[in-house]
Amino acid sequence: MKEISKELTTDLNLEEVTPLDYLRDDITAIQITKGVEIACEDVDTPSPSDGGWGWICVGAKFVAAFICFGIVYSFGVIYVELVDVFNATRAEVAWVGSVASGAMHMAGPLSSLLIEQYGCRVTTIIAGVLAALGFFVSSFAPSLAFLYFSFGVVGGLGLGLSIVPSVVAVTVYFRKRRSLAISISAIGAGIGTMCLPQLYRALINQYGWRGIMMVLSGVALNLVVCGSLFRMPPHTIAQQRKRTHLKRRHPRCVSFQSLFVVLNHRPFLIFLTATAFTHLGVMVPYVHLPDLARLTGVAKGDASFLVSIMGLVGILGRLVFGYVADFSCVNRIFFYAVLLLICGAATFLCTMVKTYALFAVYAAVQGAFIGTWTVFTAIVVTDIVGVDHTGNALGLTNFLSGISVIVASPIAGSLFDLTGRYVASFYLAACIYLLGGSLNMAGYLYIKLKHDKGIID
């Protein structure tokens, strides 16, 4: 047993183990304990080159985000068709999209395990094949129950399996410009959400909803192409080979710890709790802001355009804030907390707004800051736990966030049913943002305190 422990332990200088020093190369923020670091002691780990093939990975992740989030978030166009075809209530049909969105987020831990075993490229290819199969079978669905499984579970799970490997594939190539690279690649989600609904509307009259499912199957297969482009740097390949070799010798000792070691890291636990909790309020403005504006006297067409404002400004915000966050004077964990605190304050003020101009201002602020916050989740995860543990940590974060995403809209809708107004829903969202931001700020202060004292958790 002592021999096994010796193999599994890496001799690291504690001075290198800090999530606050962004100028270090491939920092590992998690304290190395017995059985945690998986046999990388003989592997030379140079710093990422901040470019090269990494920009190809950025482009591939851009396309993957376009496909995944565009398909799921554009479900509303098909939603109306399904209500008529299956003669079902809107609540029953809405569960198809909700299950797909939840499955996409909750696929994180499974995705992490596949990355550990097969790498980012193979995991993304599996994701594309699974999603394409789910959407193709959905075109023959005889009932909503069938769609819950084929579109929601199989399709959503397939899309979700591509999220973590695409982030990891970009992260390992960048150090100084990591925020900018992740932000550029994440813009694909916003553009997909804007473009795919237009494609749906153009095709639905000619091919019907079943034809669109077949088209989506073909679109999802492009994840296979994206996955084939996720080539890892040489030092990452060397580490993966050594991990695989050690797993064959000691599978029980390594496999369990490689996924759940991050749960022993206190700063990450604070971040995980705050992020999962915050996702209870993220979708409230996107779903309910148009109706809130309409009920205060804003024209229906103008109210609908508020969501477009959030999307358009969100794209710009990701680029600007992604560039700013790479400055050496900016602490990304602190910045992450501030984004939520601003969203909380703005959402509180939104309940007092009565004119379209002010609603548009709120939509711009919300889109810029909450849009950036969702992108920075992956960046901050890496800053807290280190590049080597990003896959596992992001998988757990996405899983718990997926649970929150599933229940968030029903909670907000129930509050409207009870009160007859959206004010309570927006107050709740504001409180969630403020508490989430405060928890992240507490995590930042905790890390800074430990770092100043020379103590690493």
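Which residues do ring pairs link into a cluster? In this predicted model, the cluster is made up of Phe 268, Phe 271, Tyr 336 and Trp 373, joined through ring pairs. Across the whole structure, the search turns up 13 aromatic pairs.

A ring pair is described by how far apart the centres are and by the angle of the planes. For Phe 136 and Phe 140, the centres sit 5.5 Å apart and the planes make an angle of 75 degrees, an edge-to-face arrangement. That label follows because planes over 60 degrees apart count as edge-to-face. As for accessibility, Phe 136 comes out at 38% and so counts as partly exposed.

Tyr 323 and Phe 327 make another edge-to-face pair, with 5.3 Å from centre to centre and 75 degrees between the planes. Here Tyr 323 has a relative accessible area of 48%, so this residue is partly exposed. Phe 327, at 37% relative accessibility, is partly exposed as well.

Aromatic rings also turn up alongside a charge. Arg 231 is placed over the face of Trp 53, and the distance to the ring centre is 4.1 Å.

Turning to helix packing, helix 14 spans residues 300–324 and helix 16 spans residues 356–385. Their axes come within 7 Å and cross at roughly 45 degrees. Sorted by class, the residues in the contact of helix 14 with helix 16 are 16 nonpolar, eight polar and two charged.

What about helix 5 and helix 6: at what angle do they pack? The angle is about 130 degrees, and the axes of helix 5 (residues 108–118) and helix 6 (residues 120–138) are 7 Å apart. Helix 5 and helix 6 are thus oblique to each other too, because roughly antiparallel would call for an angle over 145 degrees. The crossing of helix 5 and helix 6 is right-handed.

Terms used. Residues numbered from 1 in each chain as written. Predicted model: local features only at pLDDT ≥ 70, side-chain atom pairs only at ≥ 80, totals over all residues. Heavy atoms only, no water. Phe/Tyr/Trp six-rings, centres within 6.5 Å; stacked < 30°, edge-to-face > 60°. Buried < 20%, exposed > 50% of the residue type's maximum accessible area, 1.4 Å probe, protein only. Lys NZ or Arg CZ within 6 Å of the ring centre and 35° of its normal. Axes fitted to C-alpha atoms, helices over the stretch in contact; angles between N-to-C directions. Helix = DSSP H or I, 4+ residues; strand = E, 2+ residues; numbered from the N terminus. Nonpolar A, V, L, I, M, F, W, Y, C, P; charged D, E, K, R; others polar. Parallel < 35°, antiparallel > 145°, perpendicular 65-115°, else oblique. Left-handed = near helix turned anticlockwise from the far one by under 90°.
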